[in-house]
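Please look through the sequence and the structure shown here before reading on.

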Amino acid sequence: YPGSPDPSSQDMPITQEQIDQWKDTAAAGGTIGSYTLDGDNTAALGPTRINGDLLVKNSAILTLGGTLWVTGNITFEDSGVLQLDAGYGANSGIVIADGTILIKNNVIICGSEGYDAANLACYPPNDSYAMLLSTKSGSGAVVLENNANLNGIVYASLGEVLLKNNANVKAVAGYSMAVENNSTIHYESGLVNLNFSSGPGGGWDIGAWREVE
């Protein structure tokens with residue numbers, strides 16, 4: 001609507017205090033160095049702090065068993081897969097990067113419903129999601145491109161989220177956002193009531209995720 005006043009600024013839905021608590025939870029599970037998962041390999045991580053970068057590529061499957069904090073960059077590429085452990089149930093999980101989160105080239109991210117390798121897709125959704133959260137400021141905080149398909153949420157607390165080249169995601173929140181080239185954001189009403197858990201059997205969750213009008 002030309003001539004309409006700009007909307008007032010709103011606080012981000014997740015506080016820095018909450019992010020710091022999630023980092024503490026991850027660090028309590030132990031710290032490892034930079035980690036690469038490549039080829040037809042599978043691994044489980046979390047709760048874990050990675051002091052360095054995380055790279056998952058070439059159809060490798062990473063299962064999130066608890067909150068994951070990466071102090072560097074996270075890259076999922078070339079049909080890499082992230083799924084939540086089935087023990088999350090209806091809860092959702094968190095992956096945090098202090099650097100860039102780059103998702104590209106047919107990557108698939110699933111909740112606790114898991115990944116159906118036979119059909120190269122997530123199993124039918126069960127309202128569980130993976131949230132990928134970057135604390136990097138400025139451009140390039142989160143980049144989704146080239147048919148990335150996320151049954152999940154991307155969040156940039158201080159920076160820009162860029163979606164391009166047929167990227168698909170359930171929800172996005174960021175300090176700024178750019179959407180290009182046939183990318184799609186599928187907001188769902190159920191997202192207002194998500195519980196983010198520390199992992200299977202976790203002792204806390206957060207049920208206050210909501211979009212503010």
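What follows goes from the chain as a whole to its helix and then to selected residues.

## The chain as a whole

This is a predicted model, and its secondary structure comes to one helix and 19 strands. Of the 213 residues of the chain, 46% count as buried, while the accessible surface comes to about 9,600 Å², of which 45% belongs to carbon and sulfur atoms.

Among the contacts in the chain with a separation of 6 or more, 41% are accounted for by residues 24 or more positions apart.

The buried residues of α1 are Q18, I19, W22, K23 and A26. Seen down the axis of α1, these buried residues fall within an arc of 145°, so they line one face of the helix. An α-helix has 3.6 residues a turn, so residues three or four places apart point the same way.

The face of α1 turned away from the buried side carries the exposed residues E17, D24 and A28. Just after α1 comes G30, which takes a positive phi of about 115°.

## Strand β1 and the residue G33

G33 has its place in strand β1, which is made up of residues 31-38, and with a relative accessible area of 38% G33 is partly exposed. Leaving aside its neighbours within four places in sequence, G33 is in contact with I50 and N51. The C-alpha atoms of G33 and L54 are separated by 9.0 Å, although these two residues are 21 residues apart along the chain.

## Backbone features in the loops

Most residues other than glycine have a negative phi, and most peptide bonds are trans. G46 and P47, however, are joined by a cis peptide bond with an omega of about -5°, and P47 is found in the loop between β2 (42-45) and β3 (48-57).

N106, a residue other than glycine, has a positive phi near 65°; N106 lies in the loop between β9 (101-104) and β10 (108-110) and counts as partly exposed at 42% relative accessibility. N166 is not a glycine either, yet has a positive phi of about 65°. The place of N166 is the loop between β15 (149-164) and β16 (168-179), where N166 is partly exposed with a relative accessible area of 34%.

## Aromatic rings

A search of the whole structure finds zero aromatic pairs. R49, on the other hand, lies over the face of W69, at 5.0 Å from the ring centre.

Conventions:
Residues are numbered from 1 along each chain as its sequence is written. This is a predicted model: local features need pLDDT of at least 70, side-chain atom pairs count only at pLDDT 80 or more; totals for chains, interfaces and linings use all residues. Side-chain values use heavy atoms; hydrogens and water are left out. Rings of Phe, Tyr and Trp (its six-membered ring) pair if their centres lie within 6.5 Å; planes under 30 degrees apart count as stacked, over 60 as edge-to-face and the rest as tilted. A charge sits over a ring if NZ of Lys or CZ of Arg is within 6 Å of the ring centre and within 35 degrees of the ring normal. Helices (H or I, at least four residues) and strands (E, at least two) are DSSP runs, numbered from the N terminus. Buried means under 20% relative accessible area, exposed over 50%, partly exposed in between (1.4 Å probe, protein chains only). Contact means heavy atoms within 4.5 Å. Accessible areas come from the Shrake-Rupley method with a 1.4 Å probe; for residues, only the protein chains shown count as cover. The arc is that of the directions from the helix axis to the C-beta atoms.
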